[in-house]
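My entries follow in the order I made them.

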Amino acid sequence: MIGAGMVATAGVAAQAAPATENGSKPQQTIEKGYALSCTGQSGGVTVTVDLYQNSAFGSHASLSVETPHGEYGGGYGPLDTTLLSNGTIAAEIPVRKLDDTAEPAGDAVISGTYADAGQPKRVHEVIEDPADHYVITKGTNTQLETVTTVDVLGESVPLSCSTAFAFDLTVLRLTPGQD
């Protein structure tokens, strides 16, 4: 789940981007959305959930579950689905056993709430990725406070989100020398 919103959180020092050659124009997107990365444990069940909602690139959701009886997982994306809206977190992810059977194991239901946890922080980064392709990100990230739970495999697991932020970015992608 790496996207421009996630790139904006990296602690990499900005570099100067080279000037474009031959009049090439950067591709610009306005990206607004949310990123959550959460974990939790209850009743012998350990869960990791990642939710990413981006106005330009859709929503992505992934889930990993470890139990004494095996490992399970699921995910989707990009989809035109709302995961976070008006202070509410809501997602449903089909779950399968992660073995040679890939047997369906029901759905994981993620639910909760979020609120801003401070003022928006300015973001400005220049990243070369891959070589000679530059991504220039400007805008804001706002930390979020969350209360989130996932119901999966008959267990309700409270989640703690180490990454939880809203983003509002202008992202320029350019390849010098390309028309």
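Which residue in S6 is the bridge partner of Gly 73? I found Arg 96 in that place.

**Ground rules.** I am working from a predicted model, in which local features need pLDDT of at least 70, side-chain atom pairs count only at pLDDT 80 or more, and totals for chains, interfaces and linings use all residues. Residues are numbered from 1 along each chain as its sequence is written, and side-chain values use heavy atoms, with hydrogens and water left out.

**Chain overview.** I counted one helix and 10 strands in the protein chain. Helices (H or I, at least four residues) and strands (E, at least two) are DSSP runs, numbered from the N terminus. Along the sequence I read the pattern α-β-β-β-β-β-β-β-β-β-β. Of the 179 residues in the protein chain, 39% are buried. Buried is under 20% relative accessible area, exposed is over 50%, and partly exposed is in between (1.4 Å probe, protein chains only). I also looked up contacts, meaning heavy atoms within 4.5 Å. Among those between residues at least 6 apart in sequence, 60% join residues at least 24 apart.

**Strand S6 and its neighbours.** Two strands pair if DSSP finds at least two bridges between them. I noted that S4 and S6 run antiparallel and are joined by two bridges. S5 (residues 84–85) also pairs with S6 in the antiparallel sense, over two bridges, and there Ser 85 has Thr 88 as its bridge partner in S6. S5 and S6 form a hairpin with two residues between them, and Asn 86 in the turn has a positive phi of about 50 degrees.

On to S7: eight bridges join S6 to S7, and the two run antiparallel. Pro 94 stands opposite Asp 107 in S7. The S6 and S7 hairpin has six residues between the strands, and Ala 102 in that hairpin takes a positive phi near 50 degrees.

I then checked the side chains along S6, which alternate. Ile 89, Ala 91, Ile 93, Val 95 and Lys 97 point to one face and are buried.

**Core.** I looked for nonpolar cores, each a set of buried Ala, Val, Leu, Ile, Met, Phe, Trp, Tyr and Cys residues joined through side-chain atoms within 4.5 Å. The largest has 29 residues, and those with the most contacts inside it are Val 47, Leu 51, Leu 63, Ile 110, Val 150 and Val 152. S10 gives the largest share of this core, five residues. A second, separate core has eight residues, including Ala 35, Tyr 52, Phe 167 and Val 171.

For Ile 110 I listed the residues it touches, leaving out those up to four places away in sequence; among them are Val 49, Leu 51, Ile 89, Ile 93 and Val 150.

**Cysteines.** My search of the whole structure found one disulfide, a pair of cysteine sulfur atoms within 2.5 Å. Cys 38 and Cys 161 form it, with their sulfur atoms 2.0 Å apart. Cys 38 lies in strand S1 (residues 27–42) and Cys 161 in strand S10 (residues 155–174), so the pair ties together parts that are 123 residues apart in sequence. The torsion about the S-S bond of Cys 38 and Cys 161 is about 90 degrees, so I logged the disulfide as right-handed. Cys 38 is buried at 3% relative accessible area, and Cys 161 is buried at 17%.
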